[in-house]
Amino acid sequence: MGNILITGCKGQLGTQLMLDLKDKTTELGPVDLFKEDYSFTGIDVDTLDITDYNAVDAYVKDKGFTCIINCAAFTNVNACESKEDLAYQVNKVGPENLAKVAQKYGMKFVHISTDYVFRGDGKRPYMEMEASDPVSAYGRTKDAGERAVIDNCRHYFIVRTSWLYGYYGNNFVKTMMKLGKEKGAVKVVNDQVGNPTNAEDLAYHLLKLVTTEEYGIYHGTGRGICSWYDFACQIMKDANIDAAVSPCTTDEYPTPAKRPAYSALAHDHFERTVGYEFRPWQEALQYFIDHLDEKTGSR
C-alpha cells in the first residue's frame, strides 16, 4: 500500500485509525493492509491548514504518500449555522485541496462524509446514489465537499457515516453516561432516527477499502436503526446507570440547526464490494462501554 496520510488525526475517527495502523489490529479483526509493508503519518490543524492549497501541495510533495484518508471536518452542527463560511472552508475547500493533490500525485483519496447531506424526510434507508438535499449549514458544506472531491479526483472513496462515537473525544455515548450519573435523568428526542456507528467499525472498513480500486460513494454505519431515545436507553442499560430516560419531540428540544428526522443509510456498495461487516449497533455499543475504561483510563 505504501505511505498513508491521515488528516484530522486527533479526532475520534482519526485517532482510532492511527492506533489500528500502529497495532495492526482492530476489534473486528485484521485487514489485508496489515499483511503489507506500509507507513503512515497523522496530521491535524496545528500541522497543516488544509484550506490553503499551496500549503497542502508543499506538504505532500516528495513525501511519497500513496493514499490520503481525510478525517478533518468542522462537525459542530449548531456552530455551522452561525459560522457557515468557516465550515465551508473546512468542509468544502479543504477536501477540494486534498482531492486536487491526490489527483496530481496519483494518490487514492478517502473522504469522510455524513448522513446530513440528505433531507431526512424519507421512510426507508437512503441509497448511496440518491440525490442529496441538505437542510442545515453543516449538511450543505459537507455536500459541497463531496462534489468537490468527485470533480477533482478520479480515485476517490467517499464514505458517509452517522451518529459516530469512539473511545477518544466527545460523543453522544459519553455525554449520556455523564449526564445519567450526574443528574439521574435525561430527556432525549424520539423522532429522529438513524444508525449509531462505532468508530472502530468504520476504521476497519476504511482500511479494507484502501487496498482496493472499488472507488465511489459508500455508506458506512452500524447495522440497525433506532432513535436517539432508543440509543440513550440502551446506553444506560449497558453502562448499568440508574437514570430515567424520557422521550421528547424535536419541537420540544429546539436547536439552531435543523436535524434530519430520518437519516438511516443503506449499505449496498459495501455489500457488493469488500463486504459490509459492521456490527449490530447494540453489540458494538456494549463492547464499547465494556472496554471504555481499559481503552481510555476513565469512564
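Reader: Why are helices H1 and H7 called oblique to each other?

Author: In this predicted model, the axes of H1 (residues 12–23) and H7 (residues 199–209) come within 9 Å and cross at roughly 60°. Axes are lines fitted to C-alpha atoms, for helices over the stretch in contact, with angles between N-to-C directions running from 0 to 180 degrees. Angles under 35 degrees count as roughly parallel, over 145 as roughly antiparallel, 65 to 115 as roughly perpendicular and the rest as oblique. H1 and H7 are therefore oblique.

Reader: Which residues of H1 and H7 meet?

Author: Contact means heavy atoms within 4.5 Å. Among the residues that meet are Leu 13, Leu 17 and Leu 21 in H1 and Leu 202, Leu 206 and Leu 207 in H7. The residues of this contact comprise eight nonpolar, two polar and two charged (Ala, Val, Leu, Ile, Met, Phe, Trp, Tyr, Cys and Pro are nonpolar, Asp, Glu, Lys and Arg charged, and the others, Gly among them, polar).

Reader: What makes H6 oblique to H10?

Author: H6 (residues 172–183) and H10 (residues 281–296) pack at about 60°, their axes 12 Å apart. That angle makes the pair oblique. H6 passes H10 in a right-handed crossing. Val 173, Lys 174 and Met 177 in H6 meet Leu 285, Phe 288, Ile 289 and Leu 292 in H10.

Reader: How do you know whether Cys 67 is bonded or too far for a bond?

Author: A disulfide is a pair of cysteine sulfur atoms within 2.5 Å. The closest cysteine sulfur to that of Cys 67 lies in Cys 153, 9.7 Å away, which is too far for a bond. For Cys 248 the closest is in Cys 233, at 12 Å, again too far. The count by this rule is zero disulfides.

Reader: Why is Cys 67 called buried?

Author: Buried means under 20% relative accessible area, exposed over 50%, and partly exposed in between (1.4 Å probe, protein chains only). Cys 67 has 0% and is therefore buried. Cys 248, at 6%, also counts as buried.

Reader: What makes Asp 62 exposed?

Author: The relative accessible area of Asp 62 is 73%, so this residue is exposed. Asp 62 lies in the loop between helix H2 (53–60) and strand E3 (67–70), and its phi is near 70°, a positive value in a residue other than glycine.

Notes:
Residues are numbered from 1 along each chain as its sequence is written. This is a predicted model: local features need pLDDT of at least 70, side-chain atom pairs count only at pLDDT 80 or more; totals for chains, interfaces and linings use all residues. Side-chain values use heavy atoms; hydrogens and water are left out. Helices (H or I, at least four residues) and strands (E, at least two) are DSSP runs, numbered from the N terminus. A crossing is left-handed if the near helix is turned anticlockwise from the far one by less than a right angle, and right-handed if clockwise.
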